[in-house]
Amino acid sequence: MGSVASEFTKGLWKEIPPFRLVLGLCPTLAVTTSAENGLGMGAAVIFVLALSNVLISLVRSIIPKKVRIACFIAIAASLVVAVEMLMQAFAYPLYQQLGIFVPLIVVNCIILGRAEAFAAKNPPHLALADGLGMGIGFTLSLTFLGSLREIFGAGTWFGHSLFGPNYHPFSFLVQAPGAFVCLGIILAGMNFLSIWQAKRKGLELDPNFDAGCKGCMACKKMDEIAAQKRLERLGAKA
Amino acid sequence: MVNQQSAFTVTAAPFWHSGRTLTGDMYRLLLVLLPAALLGMYRFGYDALTVLALAGLTAVATEALVQRPMRQTPSAHDFTALADGILFAFMLPATAPWWIVVVGSATTIILGRMVFGGYGGSPVCAPAVGWCVLTVSWPAYMDLNGMLLAWDLVEPLSDLKYFGAESVAHITPGSLLLGEHLGALGASQSGLVLLAGIALLAMGRVRWHIPVSYLAGVFGTALIYWLIDPQLYAPPLFHILAGTTIFTAFFLLPYPSAAPVFRIPMLLFGLLAGALTILIRVYGIYPDGAPFAVLLANLCTPLLDLIQPKPFGGR
């Protein structure tokens, strides 16, 4: 069990949710058409994630193992309803922009993932640090992705025009396929960075970051399936 | 157990090289496209030449630039990048501004090829990727009718989209075949592109399954619509000869590494792309959807290729 500080900072870079854990991709791809939307979505997730982590950590000893997922979802759902109403009251334009993705925070992988993997096993102060760190990491990622798409796809940043009227925005980036392309490029950049860092420190490469044959193993799997089929056929023959 | 290593290990000698090389294939491809490119230049003037040259040059330069950080051996000499750039330029309006050509050509190479590791590694047709990204980003600059206002002719597919089937009723198949209408720089010279495709077939560089089944798919689907209401939908032959259909059939769909390799999958692939082309033309927001159909069909390639022939003696 790490310290509060290390639990907090791991969400900011080492396990930054969308780019390292590759969790919560649905809002990451769908709402980041502008930096403002990314920031707003991130803020909602910080609120829900931090509070749900603390609540789940508080009641972790009385939740029966068999129904824990239902309990986590009930807690997350009540918090999401609270966020939704707060947004309707104080940030209605943003609420209209985000639409269905605010209620969908309930089933966001990050909420459930952190509840299951961390909050259900750790005391409340660590769970709070973890939730805040993960939430802020998620917000930073969403704002970064949103900025990237907004700057090149619309020529603006937080609504301010950047390049003047002669810029023809590359609107591919603010549409759905652009989200996938941007995210793919960022993920590739993250992997490139970790390989480069590992090499500089002279460490062994993490096998998960090996882009070659070792990381995928799909062909081996295919061979196994083929061999199994062949055995089945031989069995049928005999 | 068969693994990657033993599958590619060649043992028993002697060997005979078929003489077929990548460079040779690309030479032939560029050579058969030359007449259509020349007719495009004749029709649209120096603009067409500028677009072709710029697209080809950008493609080669982008590949060279990207290959350096990827630590690949530079492969500009095999003409694959040039061929991709030229194929992409064939689908542009001749008066496209220079920056759109540069961005599109670089997108073709980077998003269509290099992110997958280079030529032969991409699961999608690279020139179609470039075209689709541009069409989604700058529809006004890719609009063939709007970009070619200086010419008196009309673009048949735009007319069909915005004014209905009556407005294209007077266009004869013969004039479409000769390219006497506005359209993409090279792809609209349907007759010459068709001849180029047949030349590739005759040289054995493209197998007949994909082009024929694609044209059959376009014809069949268009026929169904036409039989439902000839007042509302254009006749099937019009759909085959207008726009980029023939170019798609012979040059985009059989793109190596993005098309299936077995016979039945190739036929299904062509039919699927043909049906999608007509569906996109009828219901889509863009006048011509052939490259979109190509990309969608490309996504089905790995699944289609699971339909494999039985080995001799297998059961």
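How many helices and how many strands are there in chain B? Chain B has 16 helices and 0 strands. Keep in mind that this is a predicted model.

Let me stay with chain B for its overall dimensions. Its C-alpha atoms fill a box of roughly 65 × 50 × 30 Å along the principal axes. A compact globule of 315 residues would have a radius of gyration near 20 Å, and chain B, at 20 Å, agrees with that. Of those 315 residues, 49% count as buried. Now the contacts. Take the pairs in chain B that are at least 6 apart in sequence: 74% of these contacts join residues at least 24 apart.

Next, one helix pair in chain B. Helix α11 covers residues 190–202, and helix α14 covers residues 245–252. Their axes are 9 Å apart, at an angle of about 20°. The cut-off for roughly parallel is under 35 degrees, so α11(B) is roughly parallel to α14(B). The two helices make a left-handed crossing. Who makes the contact? From α11(B), we have B:Ser190, B:Val193, B:Leu194, B:Ala196, B:Gly197 and B:Leu200. From α14(B), the partners are B:Ile246, B:Phe247, B:Ala249 and B:Phe250. Sorted by class, this contact between α11(B) and α14(B) has 8 nonpolar and 2 polar residues, and no charged ones.

B:Tyr255 sits in the loop between α14 and α15 of chain B. Is B:Tyr255 buried or exposed? B:Tyr255 has 20 C-beta neighbours inside 10 Å, so this residue counts as buried. The threshold is 20 or more. Look also at B:Tyr119. It is 136 residues away from B:Tyr255 along the chain, and their C-alpha atoms are separated by 10 Å.

On to chain A. This chain has 11 helices and 2 strands. The C-alpha box is roughly 70 × 60 × 45 Å along the principal axes. Of the 238 residues in chain A, 34% are buried. Among contacts in chain A with a separation of 6 or more, 73% come from residues 24 or more positions apart.

Now the helix pair in chain A. Helix α8 spans residues 124–154 and helix α9 spans residues 176–201. They pack at an angle of about 125°, with axes 11 Å apart. α8(A) and α9(A) are therefore oblique to each other. The crossing of α8(A) past α9(A) is right-handed. On the α8(A) side, the contact residues are A:Leu145, A:Leu148, A:Arg149 and A:Gly153. On the α9(A) side, they are A:Gly178, A:Ala179, A:Cys182, A:Leu183 and A:Ile186. By class, that gives 6 nonpolar, 2 polar and 1 charged residues where α8(A) meets α9(A).

Last stop: A:Gly137, also in helix α8 of chain A. Why does A:Gly137 count as buried? Because 27 other C-beta atoms lie within 10 Å. Which residues does A:Gly137 contact, leaving aside its neighbours within four places in sequence? They are A:Gly11, A:Leu12, A:Ile16 and A:Pro17. For A:Asp223, 86 residues from A:Gly137 along the chain, the C-alpha separation from A:Gly137 is 40 Å.

To recap the two pairs. α11(B) and α14(B) are roughly parallel, while α8(A) and α9(A) are oblique.

Key. Residues numbered from 1 in each chain as written. Chains lettered and ligands numbered in written order. Predicted model: local features only at pLDDT ≥ 70, side-chain atom pairs only at ≥ 80, totals over all residues. Axes fitted to C-alpha atoms, helices over the stretch in contact; angles between N-to-C directions. Helix = DSSP H or I, 4+ residues; strand = E, 2+ residues; numbered from the N terminus. Parallel < 35°, antiparallel > 145°, perpendicular 65-115°, else oblique. Left-handed = near helix turned anticlockwise from the far one by under 90°. Contact = placed C-beta atoms within 7 Å. Nonpolar A, V, L, I, M, F, W, Y, C, P; charged D, E, K, R; others polar. Rg over C-alpha atoms; globule rule 2.2 N^0.38 Å. Buried ≥ 20, exposed ≤ 12 C-beta atoms within 10 Å, placed from the backbone.
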